[in-house]
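Hi everyone, thanks for coming.

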Amino acid sequence: MKVTLSWLREFAPDIDGDPVVLSETLSALGLAVEGMDVVGEIVDGVVLAKVLDLRPHPDADKIQLVDVDQGDGQPLQVCCGAFNMQVGDLIPFATIGTVMPNGMEIAQREMRGQTSNGMCCSGAEIGLNGDTDGIMILNDRVVDGAALGQPLATAIGLQPDILWDLEVNANRPDALSVAGVARDLAAALGVDFRFPDYEITTTEEPVEGLLDITIDDPTLCGRFVATVLRNVTVAESPAWMQERLIQLGMRPINSIVDISNYVMLELGQPNHTFDLGTIPNGTLVVRRARDGETLVTLDDVERSLVSNDGVICDQFGAIVSLAGVMGGATTEISESTTDVLLEMAWWDPPSISRTVKRLNLPSEASTRFRRGADYGDNIPRAMKRFVQLAAEHGVTAVTGMVDVAGQTPDRAPVPVRVERINGLLGTSLSSDEMVALIEPIGFECTTVSEHTIDVVIPTWRWDTTTETDIAEEVGRMFGYMNIERTVPKGENAGGLSQYQKDRRLVRDVLIGAGCDETLPMPFLAPGDLAKAGLPEDGVTLTNPLHAEESVLRTSLLPGQLKAIAYNQSHRNPDVRFFEIDHVFLPADEGSPLPDEREYLAVALAGEEAPAAVAVLDALDRALALPNLQLRSDRPPGLHPTRTAEVVVAGRSRGHVGEVDPVVLEAYGVHGRVAWLELDLGGLLDGPHGSRRYTPVSKFPSSDIDLAFVLAGTVAASQVEASLRKGGGELLVGLELFDVYRGPGVDEGSRSLTYRLRFQAKDRTLTDDELGAVRQSCIDQVAAKTGASLRS
């Protein structure tokens, strides 16, 4: 959409300021300025001249010799290739030395032996319009008192103007008119906006009896207004109108067509004129087309119509116009036309859009109908403006207008919450401030309170229907550049829970320990639990896919043993596997579903129980488990003397040790298998993760080995706990490196040898201190476990 500053000022006279600043204001209103030019400026050296004589060039058929008077009364010969001039015509004349807009300098030249002393100019050559067909004739354009030799701009009363080329988005139908742009700009600048009073004079002949309009489909046409114009003559439009049409990108055609386009550009209301003599009894019917009907449009193309298309018909059903898109050839105004039916209507935007897209018939008028024209006071206003402009050509209008109503958009007030608007925009505006922003652009606020506003949408904003739409208008008029930039705060989507982070940590630790993750199926065959030495209390499925997969596992042990046996059968004996998955324990009393838990299992083929304990220690360090203890236990399926219960913070969390050799034999596994199985869900949901960090001592450490003989029923963990208590803060390392049964040790007893490392944070330990802490450790073990120091 193009607009000029002078045209905007006809609706808001007080619009003023630096054109660059005005451009920034328009862009801030959502009407992005894609280009700004100064129009109406004519280069120095172009003057008003008069044609004195025309004669052929003696040696060229396509050039004639023209004598012009540039104000000094003396004929000046010019060679010219245009032949549209007559003696006495006033024309633009570029004198010698003039630099034209395209950069060419006018000089005296020889053309086929004849001297040319300047240049007769077309409108395009001096930047006034795009007409390149001939020399610009100025007979009707000069102002009173104009003299030959005057600068052309002075002679024709031309003033420099600012032309903006605006980007108008689809949701701004109101901005497809000069008046609409002026309304927004006036509101932003805080100046008055008003429509001129279009006064018209009509004849005494009433419109009643001349026209009969019927709307058969009110959903297609919301309003149809028509009147009759008499004494119509098709002539050339006045120069000022042609100039404005050219500036806004339209080509002048004739008086009636130019007035139609002018009103559409000025007020945003498309219109159409019919030759009244071709409309029987002045009767028009608005309806939907029937499939297969045809119409020859103004471009002499026959169009095949479908039932979604809107049409205007005469009283006999013959289609005379494609509603809102293009008129029919049968009712086109011709040179013999004297009476015209002028109509302006509001068409349903989706209906027009479908027809335009199907027929590929875009136009300035259909664009406005597709986006939503004004269905209110603007229609009779545009009718008056058309009649006023036509009257300058001797056209008269009958009294009154036919105004037929169809179905227009609902104008019930839209409730607007002040808090919601501020929330969407990031502002803190009050209800009164919002009202002051949107009322100048036509939004009527009927009820205003501190928290809510009832807003009636103006008839020229078909696109605006919701509270969010009104928020956009508030933001537009407030100025998005005035809204403080903030980063919205919200939840971080896709983050891991602490449980998920801990589970990933467990995986990392086990992979670091050289284990590979396996994922056996959770279904077992009947008898698998018994073969693993476990109770056969697994949940049996009523509809298993296979009979050998009909029992839900209660432990991860059977699946791991099957994986080890498979690998050993393929000559891959010493594997280290872990699995994190669910087990299904028998349902609690009164519960219809099994007790589903997430377990962790570690199976180390070819390894003994201490290897599984080492993996447990690694998990303990990573998760900072509080008060981890191992208690002697004999769980089913595990070695009766080489297995312990894992207790964390006083609660049982699983078992560590070795798999029962009988179970290994049943599954075909050779050698020993170290085993660790934990209730991972309970472990990670319980207390853990509270790590204490201490500085590394810079003083030397000392190692002491102690071997204890104790009963086979006493767990090594009890000895370790006693040693830690006896060593206190000075004990920084403890390792069980030898377990012995045999000669020298009583039957039913065993020897456990530990390496203890002592180190102080602030000093080097003396021999006396080492002796004292060594004895403290021995005493604690003896008191708690009954063990004796092996000699």
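I'll talk about salt bridges and the places they connect.

A quick note first: this is a predicted model, where local features need pLDDT of at least 70, side-chain atom pairs count only at pLDDT 80 or more, and totals for chains, interfaces and linings use all residues. Residues are numbered from 1 along each chain as its sequence is written, and side-chain values use heavy atoms, leaving out hydrogens and water.

By salt bridge I mean a side-chain nitrogen of Lys or Arg within 4 Å of a carboxyl oxygen of Asp or Glu. How many salt bridges does the structure hold? There are 39.

Let's begin with Arg-230 and Glu-205, whose side chains form a salt bridge at 2.7 Å, N to O. This pair links distant parts of the chain, 25 residues apart: Arg-230 sits in strand β13 and Glu-205 in strand β11. Strands here are DSSP runs of E, at least two residues, numbered from the N terminus. Arg-230 is buried at 18% relative accessible area, while Glu-205 is partly exposed at 30%; buried means under 20%, exposed over 50%, and partly exposed in between, with a 1.4 Å probe and protein chains only.

Next, please find Glu-658, which is buried at 2%. Glu-658 has a salt bridge with Arg-642, with the closest N and O atoms 2.8 Å apart. That pair joins strand β34, holding Glu-658, to strand β33, holding Arg-642. Glu-658 also meets Arg-672 in a salt bridge, at 3.5 Å, N to O. Here Arg-672 lies in the loop between α17 and β35, 14 residues from Glu-658.

Finally, there is a network of salt bridges whose members include Arg-172, Asp-184 and Arg-476.

Terms used: Helices (H or I, at least four residues) and strands (E, at least two) are DSSP runs, numbered from the N terminus.
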